Amino acid sequence: MDIDGVFSGGGIKGLALIGAYQALEEKGYKFKRLAGTSAGAVIAAFIAAGYSSRELLKIMDDIEISKLLDSNAIISLPIIKWFRVYYRLGLYKGVALESWVEEKLKARGIYTFADLPPQSLRVIASDLSNGRLLVLPDDLEKYGIAKETFPVARAIRMSASLPYFFEPVKLRSLEGISFMVDGGVLSNFPMWLFDRENVKKVRPVIGVKLSHDLVGKPKKQIKNAIDMYEALFTTMKDAHDSRYISRKLEKNIIFIPTEGVLTTEFGLTPEKRAELIQYGKSKAEAFLQKWPY
């Protein structure tokens, strides 16, 4: 059965998305169009390139995830970290991540968006310079850039540039230089891309979201300024998407709560990685016992 899919952001917790994909694939579902943010953009791009869940599992087994961070011999020094964030706007360049995605996509003959069927992959990024949410590749035309010739790996890096962790991606265009960061700043779960009011869907849409469902979502405990900052960022990141979900789409979403794992915990042990993947698969299998409703 053909479906459209949406994958949320979540940093390293995105390993659980692979497990969900495996469960869907084993049930015979095939993705025609995909959308994602951050880690979800990475998984969506690999699926669009034709990778099976088994192949993605092999890819993750073969890589030391910490290698996705640009090497820096002195980055462990706190004072160097502070200066790097202050002057470079991020701890890591993001080049290693982009190069890895580029390598895997090229292995399937995917270089630019012209190598993919039209509208088969869209990812979200945030333009801090212009205060815009970007849907890539569609919105590149606003910058005078031909979307067909834009590298898919660069779009994924833009979508996954977690603020202060990765340096912003500088997009040069006729407007000048725009600083692009993680799409999760504005829309961490862009299920709205495949839905318009009063328009019949071409095919079912399934979302995979790395969070509790709306009923089970725990209330934020705010006891100090740090708690308030975290709650502020989470609200900014999720409020728009949550309001959209609450109206009509919750029954079509696989929710995967991933407490206990940090978004930037790139040093996860192989056992913990396998546990995350299996957890995502189990949540998807439970969902598919009832879906479609």
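The tour begins with the whole chain and then moves from stop to stop.

This is a predicted model, in which local features need pLDDT of at least 70 and side-chain atom pairs count only at pLDDT 80 or more, while totals for chains, interfaces and linings use all residues. Residues are numbered from 1 along each chain as its sequence is written, and side-chain values use heavy atoms, with hydrogens and water left out.

**The whole protein**

Show everything as a cartoon: there are 8 helices and 10 strands. Helices (H or I, at least four residues) and strands (E, at least two) are DSSP runs, numbered from the N terminus. Of the 293 residues, 50% count as buried; buried means under 20% relative accessible area, exposed over 50%, and partly exposed in between (1.4 Å probe, protein chains only). Contact means heavy atoms within 4.5 Å. Among contacts between residues at least 6 apart in sequence, 77% join residues at least 24 apart.

**Helices α1 and α2**

Now select residues 15-26 for α1 and residues 39-48 for α2: their axes come within 9 Å and cross at roughly 40 degrees. Axes are lines fitted to C-alpha atoms, for helices over the stretch in contact, and angles run from 0 to 180 degrees between N-to-C directions. Show side chains and you'll find L17, I18 and Y21 of α1 meeting A39, G40, I43 and I47 of α2. By class, that contact has 6 nonpolar, 1 polar and no charged residues (Ala, Val, Leu, Ile, Met, Phe, Trp, Tyr, Cys and Pro count as nonpolar, Asp, Glu, Lys and Arg as charged, and the others, Gly among them, as polar).

Stay on α2 for a moment. Here 9 of the 10 residues are buried, so α2 is largely enclosed by the rest of the structure. Just after α2, click G50, which takes a positive phi of about 100 degrees.

**Aromatic pairs**

Next, look at the rings. Those of Phe, Tyr and Trp (its six-membered ring) pair if their centres lie within 6.5 Å; planes under 30 degrees apart count as stacked, over 60 as edge-to-face and the rest as tilted. By this rule there are 8 aromatic pairs. Pick Y21 and F31: the ring centres are 6.0 Å apart and the planes are at 50 degrees, so this pair is tilted. Y21 lies in α1 and F31 in strand β2 (residues 30-37), so the pair ties together parts 10 residues apart in sequence. Both Y21 and F31 are buried.

Then jump to F46 and W100. With centres 5.5 Å apart and planes at 80 degrees, their rings are edge-to-face. F46 sits in α2 and W100 in helix α5 (residues 95-106), 54 residues apart, and both F46 and W100 are buried.

**A charge over a ring**

What sits over the ring of Y51? Select R108 to see: its charged end is 4.1 Å from the ring centre. The rule asks for NZ of Lys or CZ of Arg within 6 Å of the ring centre and within 35 degrees of the ring normal.

**Backbone stops**

Select S38, in the loop between β2 and α2. Phi of S38 is near 55 degrees, a positive value in a residue other than glycine. S38 is buried, with a relative accessible area of 6%.

Finish at L136 and P137, joined by a cis peptide bond with omega of about 10 degrees. P137 lies in the loop between β5 (132-136) and α6 (152-159).
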